[in-house]
Amino acid sequence: MLARIRAFFADLGVLEVETPILSHAGATDPALASLCLAEPTDSPASAAAVDRLYLQTSPEFHMKRLLAAGSGPIYQISKVFRGGERGRLHHPEFTMLEWYRPGWESARLIDELLDLARVVLDRPGLPVEQVSYGDLFRAALSIDVWAASLTRLRQCAVAQGIPDAADLELDRDGWLDLLLTQCLQPSLGRGRLTVLCDYPPSQAALARVRPADHRGPAVAERFELYLEGIELANGFQELTDAAEQDARFARDLAERQRLGQPMIPPDQRLLAALAAGMPSGSGVALGLDRLLMIAIGARHIDEVLAFPIERA
Amino acid sequence: MAFYSTNEFKGGLKIILDGDPYHIIENEFVKPGKGQAFNRVRIRNLKTGRVVEKTFKSGDTVEAADVHDTDMQYLYNDGEYWHFMDPASFEQMTADANAVGDAAKWIKEEDVCKVTLWNGVPLSVEAPNFVVLAITETDPGLKGDTSGGGGKPATLETGAIVRVPLFVQTGELIKVDTRTGDYVSRAKD
């Protein structure tokens, strides 16, 4: 699988890069738990002086700094780490393929992503479909994502038979996440590659937001790829505005404070790189463990890992 | 009071919900690409045996239940309670009909049972997987029938009734699988 991926990008002239796994900055996203490490030490005095280092949750920030430095199109296959994520499709350490196409609109990168998936899976005829987040909720649940009240979202979750839906305390995105993961995701990408796109702006993460226009309300230019009910990839029309990025970091940290989560130092060097000028473009990250699961028909991520974390 | 985070959820964990002890049968971690993660769990109420599904926001905590299993020897029944003894400490405990449940029809004195304790009190009792019991009453079978096809009911010394092959006679010892209530074979003492 790795050989096919490398051949795919070599043909297209995309450069393979390697960036640090350890960083002085972490991911501020409240939904991501950065793992942090320090040297083992016996002396409390030196412990205080130890510099905290974070294991990357994705190589995104370092790769964007390369883009800002004029690298051109780049890809990387690297290990990424997310605390607390363990399940049939989750493992705290996993392998990610991430690539960037400066100057590209996300629609073009989506086509390239679909090509790569068909090549790596060796299923050239695998059909594809694209559906927007709003259309998916409207068609499957009769929910207007942009207008539905919290009460309406809760009622929908109850009607869908999600246990405890009547008692859960969730914000708007929490309800949407619940409905997406419990009711919609399992049927996405059955026998085809399904691209879900145009997310609510509140779920933009690091994507650019397209303002409201004649096509409809403002949407985050973010997309995800699904196959056989499994989320394989997440991509963005990248946010390149340093001030907006800084504001999102601040919003993340305020949310972390409210939730009593650890405060994570935001990446000032990324902000500096964005301020210096990162070319506009698109990027996407693909989970290779899950892709391998689908390729070999595995049901649990442990089947594609040499040593799951409990035995690592 | 101890608590578990949903990050620690796994099959076999014992938790307290609405005052009752539960055993986690299955835990599924679900998370969208970006955003709120959930734990979807199937749990069994250890008092009623009922299985229910629950949804937790990942990162929530629940109270841990002080529930553990221990092997104890069944001593006797006084008409109301079943008495058990810890074979190591010789400590004795009593379990009511609710806790003993189905195990009552399989166990006899000196059998070693798995007793589940909650805060030190027997919550449930599990009979050994296989028990050897004497048949106290069954219809005389046909001589020469060895096929076991058909079968007939037999009452055992504990009062349980199981289906046995026609050739098995009153007074004989038989081995029974307590999980299914099925006859396994004849047994020598």
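Modeller: What follows covers the interface, then the sheet, then the loop residue. This is a predicted model, in which local features need pLDDT of at least 70 and side-chain atom pairs count only at pLDDT 80 or more, while totals for chains, interfaces and linings use all residues. Residues are numbered from 1 along each chain as its sequence is written, chains are lettered from A and ligands numbered from 1 in the order in which they are written, and side-chain values use heavy atoms, with hydrogens and water left out.

Chain A brings 27 residues to the contact and chain B brings 16, contact meaning heavy atoms within 4.5 Å. About 1,900 Å² is buried between chain B and chain A, and carbon and sulfur atoms give 53% of that area. Buried area here is the accessible area (1.4 Å probe) that two parts lose on being put together, summed over both. On the side of chain B, the residues losing the most area to chain A are B:Phe29, B:Lys31 and B:Lys34, together 36% of what that side buries.

Between chain B and chain A there are 9 residue pairs in polar contact, both residues at pLDDT 80 or more. A polar contact is a pair of N or O atoms within 3.5 Å; within protein, one must be able to donate a hydrogen and the other to accept it, and residues adjacent in sequence count only if both atoms are side-chain atoms. The rule also finds 2 salt bridges across this interface, a salt bridge being a side-chain nitrogen of Lys or Arg within 4 Å of a carboxyl oxygen of Asp or Glu. B:Lys54 forms a salt bridge with A:Asp164, with 3.0 Å between the closest N and O atoms. In chain B, β3 (20-30), β4 (38-45) and β5 (51-57) each supply at least two residues of the side touching chain A; β5(B) gives the most, with 4 residues. Helices (H or I, at least four residues) and strands (E, at least two) are DSSP runs, numbered from the N terminus.

In chain A, 3 strands form an open antiparallel sheet in the order β2-β4-β3. β2 (22-23) and β3 (36-37) stand at its edges with a single partner strand each, so one side of each has no neighbour in the sheet. β2(A) pairs with β4 (residues 53-55) of chain A over 2 bridges, and two strands pair if DSSP finds at least two bridges between them. A:Leu22 stands opposite A:Leu55 of β4(A).

A:Asp51 lies in the loop between α2 (44-49) and β4 of chain A. Leaving aside neighbours within four places in sequence, A:Asp51 contacts A:His24 and A:Leu37.
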